[in-house]
Structures are given as structure tokens and as C-alpha cells.
Amino acid sequence: MNPEEREELARLLPSPGEPVLTSDRHDLLKDHLMSELTEQALDRTDFESAADHGGRTRALRRRIAVVAVPLATAAAIVAAVLVGSAGSKSTTTDADAVDLLNRIAEVAAAKQSVPVQDDQYVYVRTQGSMEFSDTDIRVLREASWTAVDGRRAGLRRVTVLEGPPFRPGDPFSSYSKGTRDMRLSPDPNVTTFRELRALPTEPEALLEKIYAGTKGEGQVRQSAALERIGDMLPTATLLPELDAALYRAAAKIPGVSVVTGAKDYTGRSGIGLSFEERESRTVWVFDKESLDFLGSADEALLDVGVADEAGETPAE
């Protein structure tokens, strides 16, 4: 970490506590940990397509990112490595990352809630990519309008920025270059805004509810919970108390670390939080000044709002 990055992180976080390890033991364990972390390589994002109940195609992402660990937090990380059963894969947690998540939660909780009625639509605009083959990767910008009550059809507008032109017989012709609208049918498997609004805002209770809705145990359950939280974050920006609770809940899941100089999919720079997953890591990116959620290294969040009609851009 260069001096500017160290100063930036220090500004966002409280002062670290005194190290609990002797200097020689700390250096030995830190060197061992650093050598293992440097073996990780940046891999490409793997996208697969799958049809959901509305007949639309979704991107299923496998996220892989380089882990950047601040040296100032080495003591906390090394201590975490020592925790766990012998012979099992350990999960590291960066104390500064937990503090940063709680700081982000404080900022989120202080924001003003957005009035939303059941007859309106939640508008979310993102940018990412889909990979149909090793040589066919398409960059797209997507806007979706989802009914607040979940009972009415919505709209998905996809603009393919980089991709092949329309080709007869192409099974993915709906993702050829250009803009197309797709109807979003009501889907009982998709959490509605009304259901989000009913979730508990106490972090422990929220995390338990999220865990209850996921399958598996241990790291599998934690990975599923993080994916679930990440899916809720864009819409949750309209619900400050829930938004804050999601970040505080994420802080209770082991395996988070700070990534300075992170960038979202569109290249916007920020400070990142990296989470361990089953076979990879995902990075959430936040604006350095406002701590607003920018999305991830795989998908940038461009806008969130409320519209009266599907296809209508929310008023500024």
C-alpha cells in the first residue's frame, strides 16, 4: 500500500489497536501469509446464461479477484488464520474491513428514505457483460422496472454496447448489438420491494433470516448469504435502515478484506471490500468520498429509483 492509500484508509477508519503478537512471531506469520496470498492470480469473470420464469436471460457470475491486503492489518489477519479446526481451510477476516463496513452502514442509515407506493416500479440500471463462449463476450447495459408489489409485469431494457450484429439463427439474437425490451413476468422466486421492506433491520436477526433462506452449512452457507446480500444491495439503497443492516450483517460473515484502488465494472475508482466465496472472491466497490455503493468489479450499479410506469425514467 502506498502512502496515499494508507492515508485514505486511515481517514475512513478508526485508529487500529496495539498488536497482540510479539514482533518476531508477527513477522514470521505475516511473511507466511503474504507468500500464500501472492500466489493468487487475477482470473476472468465467467458468465453463464440461464432462463428464469419470466423467459428472460440472467447472468450467473463466478467472481475472481486479486486480494489486496493492507499491511497495517496483518496482525488481525494472522490472528484470524490461527482460528479454525486443524486441517480445515481457514477464513481470514480483516478488522479494518469490518470497521469500514460498519462505517458504510452508518452513512447509509443517515440517508433519507424514498417514498414508494405499491403501484409503482423500482428502477435499477446496471452495466456488465455476458459470456456466451470464449470468443463471444458481450458488454451490455440493462435497465429494469420491477413492480413494487410483485403482482404486475415489469420491463427489462437491454442495450448491447459490444457484441455481434443481429444474425438469423443466432440462439442469442436477443443479445445482439442494439436495444431491446423484454417483458418481466411476475416471479414468486424474486424478492419484491414489499418483501424487502418487511425484513428485520436488526443485523443478527436479518442475518439469521438470510441464513434460513440458504442451503448448506459452513462456508457454503456464508457464500450463499453474501450472494443474497449482494443481490439486495441495489434496491436496498431506497431503504436506509435495511441498507445499513445488510452491511452490518455482512460484517458478521468471516472472510472480508479491504481492497484499495478497486474499480467497478465501468472503471470507476473506489475503495473495495473483498469477500471469500466457495471458489473465488467478489469485490464490492464504494465511492471514496461518499461511501455510496458503486456495484462490483463484475457489474456496475449506475442508477436506482422509483418510477410510476414501466419504461419511465425516474425524475431526478
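Reader: How many residues does the hairpin use to join S3 to S4?
Author: This is a predicted model, where local features need pLDDT of at least 70, side-chain atom pairs count only at pLDDT 80 or more, and totals for chains, interfaces and linings use all residues. Numbering runs from 1 along each chain as its sequence is written, and side-chain values use heavy atoms, with hydrogens and water left out. Strands (E, at least two residues) are DSSP runs, numbered from the N terminus. The hairpin joins S3 to S4 through two residues.

Reader: Which residue in S4 stands opposite valine 124?
Author: S3 covers residues 121–133, and its pairing with S4 is antiparallel over twelve bridges. Two strands pair if DSSP finds at least two bridges between them. Opposite valine 124 stands serine 144.

Reader: Which residue in S5 stands opposite tryptophan 145?
Author: S5 spans residues 154–162 and pairs with S4 in the antiparallel sense, over seven bridges. Six residues lie between S4 and S5 in their hairpin, with glycine 150 in the turn at a positive phi of about 75°. Tryptophan 145 faces leucine 155.

Reader: Is glutamate 142 buried or exposed?
Author: Glutamate 142 lies in S4. Buried means under 20% relative accessible area, exposed over 50%, partly exposed in between (1.4 Å probe, protein chains only). Because its relative accessibility is 17%, glutamate 142 counts as buried.

Reader: Which side chain makes a polar contact with the side chain of glutamate 142?
Author: A polar contact is a pair of N or O atoms within 3.5 Å; within protein, one must be able to donate a hydrogen and the other to accept it, and residues adjacent in sequence count only if both atoms are side-chain atoms. At 2.9 Å, the partner is arginine 156.

How values were computed:
Helices (H or I, at least four residues) and strands (E, at least two) are DSSP runs, numbered from the N terminus.
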